[in-house]
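Hi,

Here is the structure I promised to pass on.

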Amino acid sequence: MYRLVATGLSAPLSAEKLAVYTGLSGDTSPLGSAIGDLAGAARSSDLASLDDAYHALFIGIGRGELLPFGSYYLAGFLHEKPLARLRQAMRELAIMRDPAVREPEDHIASVLEMMAGLIDGQFGDGRSGQPAELQTQKGFFDAHVVSWAPHFFRDLSRTTASPFYAAIGRVGDVFLAIEKEAFDYV
């Protein structure tokens, strides 16, 4: 789920990535319903309109409608202390910045990818291919995901710029609420 959401927020979608979203199906649960809505929005979208919406929402002329960065949501400005804390956590977990990515590391897509890597063993606890310890996952989630991402996803879910991106916002919001509840048991 982390990668599914991150893919839609990391860059304008390609035809192959859009096809992944159109192939989704949901159920009657809150998350299943949000996923079903996302699939429907994907099927009703075309690449050109999604590209325009991505740029309007996240890039814009000067700045987009939303700033998908932890520092902005936590401190009100880009490149602030939340980014420094994330970079420290990345060093501790042996997560290297991808030199091809131009945005700061606290971009929502990057943070979600890091969380996915802790879960699948790509990052953390010696990168053994095994999931990072649950306490490690919870610590990262608490400090760098749930501390701000639900606010971003709620903002995104309210956008009128694109039904697709609003649906991604709803999926992210519902999913992180489930994750928060699950991590509360750790």
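A quick term before the tour: by a nonpolar core I mean a set of buried Ala, Val, Leu, Ile, Met, Phe, Trp, Tyr and Cys residues joined through side-chain atoms within 4.5 Å. Please also keep in mind that this is a predicted model.

The core

The largest nonpolar core has 51 residues, and those that touch the most other members are Leu9, Phe153, Leu156, Phe164 and Tyr165. Two of these names, Phe153 and Leu156, come up again in helix α9, which runs over residues 149-157. Buried there are Ala149, Pro150, Phe152, Phe153, Leu156 and Ser157. Seen down the axis of α9, the buried residues fall within an arc of 160°, so they line one face of the helix.

Around Phe164 and Ser45

Setting aside residues up to four places away in sequence, Phe164 touches Leu13, Tyr21, Leu38, Ala41, Ala42, Ser45 and Leu50. Ser45 from that list sits in the loop between α3 (30-43) and α4. A polar atom of the Ser45 side chain lies 2.6 Å from the backbone oxygen of Ala41. Beyond its neighbours within four places in sequence, Ser45 is in contact with Leu18, Leu50 and Phe164.

Gly8

Gly8 belongs to helix α1. Is this glycine buried or exposed? Gly8 is buried, with a relative accessible area of 0%, and the cut-off for buried is under 20%. Leaving out neighbours within four places in sequence, the contacts of Gly8 are Leu13, Tyr21, Tyr54, Tyr165 and Ile168. Tyr165 is also one of the core residues that touch the most other members.

The largest pocket has a volume of about 440 Å³. It is lined by 20 residues, and the closest to its centre are Asp98, Val101, Ala109, Ser110 and Glu113. Helices α1 and α7 each supply at least two residues of that lining.

Some single residues to look at

- Asp51 is found in helix α4 and is partly exposed, with a relative accessible area of 31%. Asp51 and Ser162 are 111 residues apart in sequence, yet 10 Å apart in space, C-alpha to C-alpha.
- His79 lies in the loop between α5 and α6 (81-92). Its phi is near 60°, a positive value in a residue other than glycine. His79 is exposed, at a relative accessible area of 54%.
- Ala94 is in the loop between α6 and α7. Ala94 has a positive phi of about 55° although it is not a glycine, and it is partly exposed, with a relative accessible area of 31%.

Cheers

Methods: Residues numbered from 1 in each chain as written. Predicted model: local features only at pLDDT ≥ 70, side-chain atom pairs only at ≥ 80, totals over all residues. Heavy atoms only, no water. Buried < 20%, exposed > 50% of the residue type's maximum accessible area, 1.4 Å probe, protein only. Helix = DSSP H or I, 4+ residues; strand = E, 2+ residues; numbered from the N terminus. Arc of directions from axis to C-beta. Contact = heavy atoms within 4.5 Å. Polar contact = N/O pair within 3.5 Å; in protein donor to acceptor, adjacent residues only side chain to side chain. 1 Å grid on protein atoms, 1.4 Å probe; cavity = no way out; pocket = protein on both sides within 12 Å on 5 of 7 lines; lining within 4 Å. Points joined across faces, edges and corners; volume = space filled by probe spheres on them.
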